[in-house]
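Please look at the sequence and the structure together before reading the report below.

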Amino acid sequence: EKAGFVRKPEKGGLTITQVASPLRRPVIVPSLDNETVDRRDLNHVAWTSVRQERWEGELVVQGEIPLWLKGTYLRNGPGLWHIEDYNFRHLFDGYATLVKLQFENGRLIAGHRQVESEAYKAARKNKKVCFREFSEVPKYENFMAYVGDIAKLFSGASLTDNANTGVVKLGDGRVVCLTETQKGSLVIDPNSLETLGRLEYSDSLGGLIHSAHPIVTDAEFLTLLPDLVNPGYLVVRMEPGTNERKVIGRVNCRKGPAPGWVHSFPVTEHYVVVPEMPLRYCAQNLLRAEPTPLYKFEWHPESKAFLHVMCKASGKIVASVEVPLFVTFHFINAYEEEDEDGRVTAIIADCCEHNADATILDQLRLQNLRSFNGKDDLLPDARVGRFTIPLDGSPYGKLESALEPDEHGRGMDMCSINPTKLGKKYRYAYACGAQRPCHFPNTLTKLDLVKKKAKNWHEAGTVPSEPFFVARPGATEEDDGVVISLISEKNGNGYALLLDGSTFEEIARAKLPYGLPYGLHGCWVPKE
């Protein structure tokens with residue numbers, strides 16, 4: 001068993017307090033209600049930089065954690081939005097904060113730690129932004145410095161490795177934090193949260209970016225590599241235990257000056273679905289010193305929207321259909337629809353769809369998130385968008401709502417499913433919805449896609465992060481398990497929440513010593 005890792009903070013670093021070794025006596029967490037909180041501002045804690053670089057301790061649990069829940073939930077996301085007195089612009093600019101909830105024998109150890117990317121270490125050392133982040137770029141002392149940085153951009157040297165988006169457990173046991181840049185693939189220790197180094201891809205496929213959400217199972221790692229020069233996508237597979245990505249096939253874009261953004265994509269048992277969104281990468285915007293409202297992207301409705309279906313085994317494209325315009329960050333799942341004879345007739349693909357409204361990106365500026373008055377209804381509508389992709393050679397696919405969007409308050413993002421249903425016909429999904437008026441998803445919702453109903457969890461003033469489903473070992477029902485979420489509260493506090501996957505009722509919560517910033521995506525590392 002690892003002892004606590006107490007070490008002196010680096011000079012000028014953040015203090016390290018209350019670092020506990022696993023399964024020590026519970027720490028009674030101090031309340032922040034009556035303290036004078038030394039924060040940079042009085043924003044909601046969800047949009048406020050994390051208080052210190054790292055913390056670990058056991059939490060007091062209200063309710064009961066199921067004894068079968070043994071393992072670690074990890075959540076990644078941006079958590080530090082300033083360097084010295086300089087404040088970042090966008091949610092996605094923040095340096096990565098990795099959070100863990102370690103469950104064993106009904107007890108819960110929590111911790112968080114900054115991911116030590118080169119971008120983060122350089123910013124700390126030089127007291128300024130040194131790499132190109134989502135909307136932030138280094139401040140150039142003169143024109144020649146700018147030209148030098150542009151040259152470094154084409155080699156990828158100036159792109160960030162700030163792995164602040166997701167975290168996945170590979171089939172070989174390695175745990176990797178990821179973002180949109182390939183160099184931002186950082187291996188971490190799921191117990192200590194220490195950054196162990198970069199996942200260096202050993203192939204010669206090159207490219208600078210990839211999908212931030214690969215499809216990861218114990219058997220494989222699938223991802224998309226957008227080609228910005230000759231617009232298209234390579235679909236690649238990496239076997240467990242290797243760092244070599246092998247090409248399954250290539251999809252050429254049907255339209256547009258550049259490939260559509262592929263933050264995520266879905267798969268079925270036999271196919272990979274490659275989305276071509278009209279929100280497309282934009283080389284000129286990558287070069288700019290100041291961000292545009294769509295950042296690294298451009299909206300091209302005239303270029304239309306397409307979905308391509310590739311056979312995983314052969315790499316052949318079996319369908320390429322035009323669909324209505326759409327905007328999504330996150331696909332939920334996909335599956336194959338069969339006729340009575342067992343022939344696959346169509347692919348169904350579900351996503352969190354923002355009604356083809358790309359302004360959601362600019363809504364995520366920190367200034368917008370921090371300035372909410374509690375009254376104005378500013379969150380753009382979203383829904384579960386369900387694509388039907390016919391495999392009979394038809395040129396068009398359908399897009400409709402999988403259930404009435406009012407069921408979940410017309411807010412929809414940050415989804416998870418029972419992982420045994422990946423690529424298969426499924427009934428339930430868990431996501432963040434809305435109780436309006438709001439400016440950001442503020443509920444947890446369980447979607448029943450058969451009955452077309454939603455159950456919603458809401459607590460006033462809170463910002464919940466992605467609800468993550470963990471199935472009970474040996475379960476036969478799809479929703480038999482727990483849903484884990486980290487909740488940021490208006491008063492500066494925060495807690496870990498466990499809901500019953502079936503009833504969606506609370507079964508336990510555990511207060512954190514202080515609220516944590518909003519996080520993005522997580523994974524489950526079962527105890528060996």
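## About the model

This is a predicted model, in which local features need pLDDT of at least 70 and side-chain atom pairs count only at pLDDT 80 or more, while totals for chains, interfaces and linings use all residues. Residues are numbered from 1 along each chain as its sequence is written, and side-chain values use heavy atoms, with hydrogens and water left out.

## The annotated site

An unreviewed UniProt entry places the feature "binding site" at His213, His263, His330 and His521; such positions are given in the numbering used here, feature names are shortened, and annotations may be inferred rather than shown by experiment. These residues span 309 residues in sequence, but no two of their C-alpha atoms are more than 12.5 Å apart, so they gather at one spot.

## Histidine 213

Histidine 213 lies in the loop between β13 (195-198) and β14 (215-216), where strands are DSSP runs of E with at least two residues, numbered from the N terminus. With a relative accessible area of 17%, histidine 213 is buried, a term that means under 20% relative accessible area (1.4 Å probe, protein chains only).

## Histidine 263

Histidine 263 is found in the loop between β17 (245-252) and β18 (271-276), and at 9% relative accessibility it counts as buried. The side chains of histidine 263 and glutamate 180 are joined by a polar contact of 2.5 Å (a pair of N or O atoms within 3.5 Å; within protein, one must be able to donate a hydrogen and the other to accept it, and residues adjacent in sequence count only if both atoms are side-chain atoms).

Methods
Helix = DSSP H or I, 4+ residues; strand = E, 2+ residues; numbered from the N terminus. Buried < 20%, exposed > 50% of the residue type's maximum accessible area, 1.4 Å probe, protein only.
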